[in-house]
Amino acid sequence: MASHSDTLVVFFGATAGANGGKLGSDERELILLVWQIVDLHENKVGQLQRTLVQPDSADLSEQCKEETGLTAEELCKAEPLESVLQQFHQSVSAELKSLGRSSYTLCVDGPLLIRQVLHPEASKKNLVLPECFYTFVDLKKEFHKCCPNAGPVNDLTLTSMLDYVCIPAAVEQEAGLREVKNTVLLILHLLVEPYNHKFSTFETVNYKFESGACSKTEAVDSETVIRARGLPWQSSDQDIARFFKGLNIAKGGVALCLNAQGRRNGEALVRFINSEHRDMALDRHKHHMGNRYIEVYKATGEEFLKIAGGTSNEVAQFLSKENQVIIRMRGLPFTATPQDVLGFLGPDCPVTDGMEGLLFVKYPDGRPTGDAFVLFACEEYAQNALKKHKQILGKRYIELFRSTAAEVQQVLNRYMSTPLISTLPPPPPPMVSMPVLATPPFITTGSTRDCIRLRGLPYIAAIEDILEFMGEHTIDIRPHGVHMVFNQQGRPSGDAFIQMKSADRAFMVAQKCHKKMMKDRYVEVFQCSTEEMSFVLMGGTLNRSGLSPPPCKLPCLSPPTYAAFSATPAMLPAEAALYQPPLLATPRTPQAPAHNPAPALAYYSPQLYMNMNMSYTTYYPSPPVSPSTVSYFAAPPGSVAAAVAAQQAPSILPPQPGALVRMQGLPYNAGVKDILSFFQGYQLTAD
């Protein structure tokens, strides 16, 4: 529109559900539209128009029936939304022409009707809205500019604004007509003395979401970020922007989250232009995307930067080309070259700028990961590329997916931060000696249901979070009784087992903590036995179908023991304990010489263990069956002894020859028997 100063069209709407301050929060459809023209030059008004809208579902809430007085029978005779909007545009255009005006702007009492009702409903029904619905005047903000002492903008209502300027409200029986008449009275009052107000601040609705890169050094306001959960795994940033249609998302403000395996986990972080739009986004909690409802929660700027922020100039340059469609390729041969990829895609889907539109994902040492991102200039080229999903390149089939700028940044960040563990860690600092218990504790199995299982934990949950979750019941946990369950990649699986002091205590915790919230997620708590717990910790499964044993129950698969240390009063509190880190080989109990029956001692690096003064009454370490880190290899007992000797400490562990190798690319169902068979003919250590 050329100008916004000619005419205002006062616009009012009602839905089949909540109205007023909750308009649009329940995802209900429009059923009523009322409008009237106000000539800003002549201070004249046009004809008052009122029309009903036929919804897809004529189920009206009791509040709607009471406030509007409408019935389902009346709505069934009305026109659908698309026809009503066309009638609105034609009616307003004709009236403007008769007044000699050329343009108009909608004026609404708050942004909810436009942002939370009209645009989301039109998006779901695939309607193309006229241009006039992308710009509007918020009467509350204009009134606040004239009368700043009337109170905060969010607290203003049509009635309070009329009372402040001492205008008697219009008396009208029909809903909608009353609100529009009062709005027109207020506008006309602001146009004359003593205010002489000029309507100059116009709200806009973004036509489309703009992708882009985000730097880790950028300041992100936590009041502008939300977390959306429950998204379909194939949804793109454009799909998420469509879910939040009507609200303005910041450029590059959609970051799809990936799980530990680099796949989308159904969550996304979304950054809006200001806190007002963020608050309206929170009101879309449990609105639907297709057949799925989406949960919307608050998030922080730090969380957004962790996912979407980056420091790589190569990525920034790759993403600097705007209005490009990004496709992710996965499973490329490690020997694949840019020419191979371009040849695989073919001439029907040309890559933007040739090889410059390709970004190969690599490890810090330059090794390829098998992933790459490709830029296409338009949707047609991207669709042609997606048709090549699971076609063969070399001897491997290639997976192709839609991707986003934030996913490019996240994948690069993840691989570039992968620790290089091709060599053993550097020699440890001087060892300290601690007495070892003569009988280290084992996890005994039995049918007594004195354990609980926690299912659905947040993947970022630590043991401290579990203790806080259990609250007062923490005192009933056995020492070293918290067992985190990790998957085959060493990542948290969302499960944990806890050994309680008795079956009664386990039953009580299961009753009181079941479906209690932890970090915006509810956690399921079930009572179980140590036998069931041990089966899961050894690789078995426990679900509604029953208990499935581990793939292989060799003796070497039984959980290794971990050393608990007794402390002398001069050194540690009575309840203090240390534990063996999960990936360090369990030390053998040293044998004292026959001529010197001194207590057995083992040597450990202080940096590899928890604080010695940490009491297990407040911290419950996971046993070795649940590794909590994959950042280093375990040194064999021989190298531990060699490190001790190098520091001129008394050697009590005899040096043992041997070497440690790492295996990558194992099948997910591979067991110990498969690995032993693979190394058949080689000398392996007994343990």
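The model is a predicted one, in which local features need pLDDT of at least 70 and side-chain atom pairs count only at pLDDT 80 or more, while totals for chains, interfaces and linings use all residues. I kept in mind that residues are numbered from 1 along each chain as its sequence is written, and that side-chain values use heavy atoms, with hydrogens and water left out.

Entry on Arg449 and its partner. I found the side chain of Arg449 in a salt bridge with that of Glu532, at 3.9 Å from N to O; a salt bridge here requires a side-chain nitrogen of Lys or Arg within 4 Å of a carboxyl oxygen of Asp or Glu. Because Glu532 sits in helix H17 (residues 530–537) and Arg449 in the loop between strand E21 (432–435) and strand E22 (451–455), the pair ties together parts that are 83 residues apart in sequence. Helices (H or I, at least four residues) and strands (E, at least two) are DSSP runs, numbered from the N terminus. Glu532, for its part, is buried, with a relative accessible area of 18%.

Entry on helix H5. I noted a salt bridge between the side chains of Lys145 and Glu142, at 3.8 Å from N to O, and both residues lie in helix H5, three residues apart, about one turn of the helix. Lys145 counts as partly exposed at 43% relative accessibility, whereas Glu142 is buried at 1%.

Entry on Lys141. I then found the side chains of Lys141 and Glu276 meeting in a salt bridge, at 3.0 Å from N to O. Lys141 belongs to helix H5 (residues 139–146) and Glu276 to helix H9 (residues 275–282), so this pair ties together parts that are 135 residues apart in sequence. Both are partly exposed, Glu276 at 25% relative accessibility and Lys141 at 24%. I also recorded that Lys141 and Glu276 are linked with Arg115 and Glu203 in a network of salt bridges.

Entry on totals. How many salt bridges does a search of the whole structure find? I noted 30. The search for disulfides, each defined as a pair of cysteine sulfur atoms within 2.5 Å, returned zero.

Key:
Buried < 20%, exposed > 50% of the residue type's maximum accessible area, 1.4 Å probe, protein only.
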